[in-house]
Amino acid sequence: MILNLVLLLIILLLLIFLSMIWPPDSPWAPWWRTSDEKIRKAFKLADLRDSDVVYDLGSGDGRSVIIAAKEFGARGIGVEIDPLRFYLSKLFAKFNGVSHKTKFIKKSFFDVDISDATVIFVYLVPKTLEKLKPKFLKELKRGTRIISINYESTLSKQNAIEVDRKKITLYKI
């Protein structure tokens, strides 16, 4: 019994460690947290307003969606396939008093209609960004802003800033 618990703990620690050094050309997206400061700066770069609908594709614990709703008044939608992070997001939104302005969807973001988005927030590796490009061009309206943390896409870049040696890039459809 104790051996099983020790092995489980070792596996969990290895997974956490691996997520910190995940190769940028990997087709999978690990859980990299973005600081609240970076999220705020990204939303300021995108000129986020209360009339916006923000989608975070691979929303993790939902912090970007919560900040968009709580601090900028926008409506936020997080798309997260991991059940634990999905339920944590819902809990955090309730705790922050923004569940009426947020929604979380437990699905692959490739299977979610994003056509009502005015802002897309992503922290995804380059291969995933390129796989999403056709979806962006097909579903998003002209003028939709896409914020990418750390990695660039071949979409039409509008602006970029650097925060803590991590690039925040803004694109427009």
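Predicted model: local features only at pLDDT ≥ 70, side-chain atom pairs only at ≥ 80, totals over all residues.
Two strands count as paired if DSSP finds at least two bridges between them.

**Figure 1. Strand β5 pairs with strand β7.** Strand β7 covers residues 166–172. It is joined to β5 by 5 bridges. The two strands run antiparallel. One point of pairing can be picked out by residue: Ser148 stands opposite Thr169 in β7.

**Figure 2. Strand β5 also pairs with strand β4.** Here the partner is β4, residues 119–122. The pairing is parallel and spans 4 bridges. Phe121 has Ile147 of β5 as its bridge partner. To get from β4 to β5, the chain passes through helix α5, residues 126–139. This β-α-β crossover is right-handed.

**Figure 3. Strand β5 is covered on both faces.** The strand holds residues 145–149. Arg145, Ile147 and Ile149 lie on one side, and all are buried. Buried means under 20% relative accessible area. In β5, 5 of the 5 residues are buried, so the strand is largely enclosed by the rest of the structure.

**Figure 4. A nonpolar patch lies on the surface.** Six side chains can be found by name: Ile2, Leu3, Val6, Leu7, Ile10 and Leu14 form the patch. Together they have about 590 Å² of accessible area. Leu3 is one of them, and it is found in helix α1, residues 2–20. Leu3 counts as exposed because its relative accessible area is 60%, and exposed means over 50%.

**Figure 5. Asp50 sits in a loop.** The loop runs between helix α2 (36–45) and strand β1 (53–57). Asp50 has a relative accessible area of 59%, so it is exposed. Leaving aside neighbours within four places in sequence, Asp50 is in contact with Phe72, Gly73 and Ala74. Glu71 is 21 residues from Asp50 in sequence. In space, the two are 9.3 Å apart, C-alpha to C-alpha.

**Figure 6. The whole protein sets the close-ups in context.** The protein has 5 helices and 7 strands. Along the sequence, their pattern is α-α-β-α-β-α-β-β-α-β-β-β. Of its 173 residues, 44% count as buried. Among contacts with a separation of 6 or more, 63% are between residues 24 or more positions apart. The accessible surface comes to about 9800 Å². Carbon and sulfur atoms account for 61% of that surface.

Methods: Residues numbered from 1 in each chain as written. Heavy atoms only, no water. Buried < 20%, exposed > 50% of the residue type's maximum accessible area, 1.4 Å probe, protein only. Contact = heavy atoms within 4.5 Å. Patch = residues over 30% accessible without salt bridge, like charges linked within 9 Å, V, L, I, M, F, W, Y side chains within 5 Å. Areas by Shrake-Rupley, 256 points an atom, 1.4 Å probe, with all protein chains shown as cover. Salt bridge = Lys/Arg side-chain N within 4 Å of Asp/Glu carboxyl O. Right-handed = clockwise from strand over helix to strand, strands pointing away.
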